[in-house]
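Dear colleague,

Please find below the structure that I am handing over to you. A summary of the findings follows it.

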Amino acid sequence: MQKVVLFGECMLELRQAPNNLMFRSFAGDVFNTAVYQKRAFAQQSVSFMSALGKDVISQELMQNCQQEGIETALIRHSAHHNPGIYLVQTDEHGERSFLYWRENSAARQMMKLLDEEVRQQVCSADLFFFSGISLAILALEDRAVFWQFLSEVQAAGVNIAFDPNYRARLWTSPEDARQQFALAFAASSIVLPGIDDFATLYGLHDLKDVVTFCQPFNIQELVIKNGPNSVFCCTPEGEFSLPITPVKNVVDTTSAGDSFNGVFIGARLAAYDLKQAIQLAASAAGLVIQHPGAIVPNENFTAVINEQKLVFEHQAN
Ligand code: ADP
C-alpha cells in the first residue's frame with residue numbers, strides 16, 4: 001500500500017450562516033490536500049502529521065479525519081494549546097475576507113512534540129508533503145529541528161513534495177520566506193506552485209522565468225498551476241503545457257490548488273503518467289471551485305473522479 005504523510009495545520013473554519021448563526025467545518029491547506037488525495041485514491045494510506053490540543057474541538061477534528069479515512073497516528077496533542085480558528089466573511093458583493101486566530105495554535109508545537117515514532121513512520125513512507133504554510137507557522141527556534149528531520153526523511157529515500165503556497169501575512173518578511181523556500185526547493189523532488197506564488201514573492205510572472213529560477217534545484221517534477229489558463233510541467237526529460245477547461249460557474253476558489261495537489265500526488269503514486277495525473281487533478285480542482293468552502297460534499301467529488309478514471313482506463317484498453 002502506498003503511504004503518504006502530509007504535514008501541516010488544520011483549523012476550525014467558521015462561516016456566516018443565516019440568522020446570525022455559523023456553519024462550522026475543518027480546513028487548512030495540507031489537510032485539504034490529504035482529504036482529496038484519500039477521496040480520490042481510497043486504497044492509499046494517507047496520514048496527517050500535525051499537533052492538536054486535548055480539547056473538544058481537537059476531538060472533533062480527529063473524528064473528522066477518521067470519517068475521511070485519514071490516519072491520525074502521527075497527530076500529537078499539546079496539553080496547553082488548541083486548534084487555530086478562522087472566520088470566512090462574505091460582503092454584499094460576494095467578496096470573501098478571512099479573520100484568523102492561529103498565532104498560538106497547537107499545530108505550531110509539532111516540532112516540539114516530534115518523537116521517535118513519528119520520525120520512523122515518516123521515514124518509511126513513500127512520500128512526504130508539506131507547504132509554505134507548514135513552514136511559516138513553525139516557531140523560529142523550531143526551524144532547525146524541521147530541516148534536520150526533513151534531511152533524515154530525504155536520506156531514508158522518501159520522495160518529498162512541496163507547495164510554496166505563499167501567504168505574506170504569515171511571514172516576518174519576504175526575504176525570510178525566500179530563504180526558507182530555497183531550502184524546501186532543494187529538498188523536494190516534486191514542487192507544485194501556483195504562478196502567483198512566484199509573481200508575488202520573486203516578481204516572476206512568466207512561466208519560462210519560473211522554470212529558469214527552479215533549474216539549479218534537483219526538482220524532478222515541477223508542476224506550475226496557472227489558474228484557468230494552463231498547467232505547465234517541467235521535468236528533466238522535457239516540458240509541456242496542458243490547457244485547462246475554464247469553469248463558468250466559479251463559486252469559491254478556496255482549496256483549488258489543494259485539491260489539485262492531493263489528486264496529483266495520489267495519481268502519481270498510483271502510476272498515472274504526468275499528463276493523466278494533471279488532467280485528473282485539474283478535474284478535481286474544477287469541481288471543488290463550483291462549491292462553497294474548502295471541502296466539497298464527498299458524493300459529488302468521488303463521482304467525478306471515478307468517471308474520469310474510467311475514461312483513462314478505457315483509453316488505455
Ligand atoms: P492556487 O489555488 O494554488 O493558487 P490556481 O489558482 O492556479 O492555484 O488553481 C489550481 C487549479 O485549479 C488550477 O491548476 C486549475 O486546474 C484549477 N482552476 C482554477 N481556476 C479555475 C477555473 N476558473 N476554471 C477551471 N479550473 C480552474
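Helices (H or I, at least four residues) and strands (E, at least two) are DSSP runs, numbered from the N terminus. With that naming, strand E3 provides the largest share of the lining of the second largest pocket, namely three residues. Please note that this is a predicted model, in which local features need pLDDT of at least 70, side-chain atom pairs count only at pLDDT 80 or more, and totals for chains, interfaces and linings use all residues. Residues are numbered from 1 along each chain as its sequence is written, and side-chain values use heavy atoms, with hydrogens and water left out.

The second largest pocket

A pocket is an open set of points on a 1 Å grid over the protein atoms alone, where a 1.4 Å probe fits, with protein on both sides within 12 Å along at least five of seven lines; lining residues have an atom within 4 Å of a point. The volume of the second largest pocket is about 220 Å³, taken as the space filled by probe spheres set on the points, which are joined across faces, edges and corners. Its lining has 15 residues, of which Ser25, Phe26, Ala294, Ile295 and Val296 are the closest to the centre. Two or more lining residues come from each of strand E2 (11-17), strand E3 (21-27) and helix H1 (29-40). By class, the lining has eight nonpolar, three polar and four charged residues. Here Ala, Val, Leu, Ile, Met, Phe, Trp, Tyr, Cys and Pro count as nonpolar, Asp, Glu, Lys and Arg as charged, and the others, Gly among them, as polar.

The ligand

There are 16 residues around the ligand, and Gly227, Val247, Gly257, Ala285 and Ile289 come nearest; a residue is counted if one of its heavy atoms lies within 4 Å of the molecule. A polar backbone atom of glycine 227 is 2.6 Å from an oxygen atom of the ligand. For valine 247, a backbone N or O atom lies 2.9 Å from a ligand nitrogen atom. Both are polar contacts, that is, pairs of N or O atoms within 3.5 Å. Helix H9 gives the largest share of the shell, three residues. The shell comprises 11 nonpolar, four polar and one charged residues.

Serine 259

Serine 259 also belongs to helix H9. This residue counts as buried because its relative accessibility is 0%, buried meaning under 20% relative accessible area (1.4 Å probe, protein chains only).

With kind regards

Terms used
Polar contact = N/O pair within 3.5 Å; in protein donor to acceptor, adjacent residues only side chain to side chain. Buried < 20%, exposed > 50% of the residue type's maximum accessible area, 1.4 Å probe, protein only.
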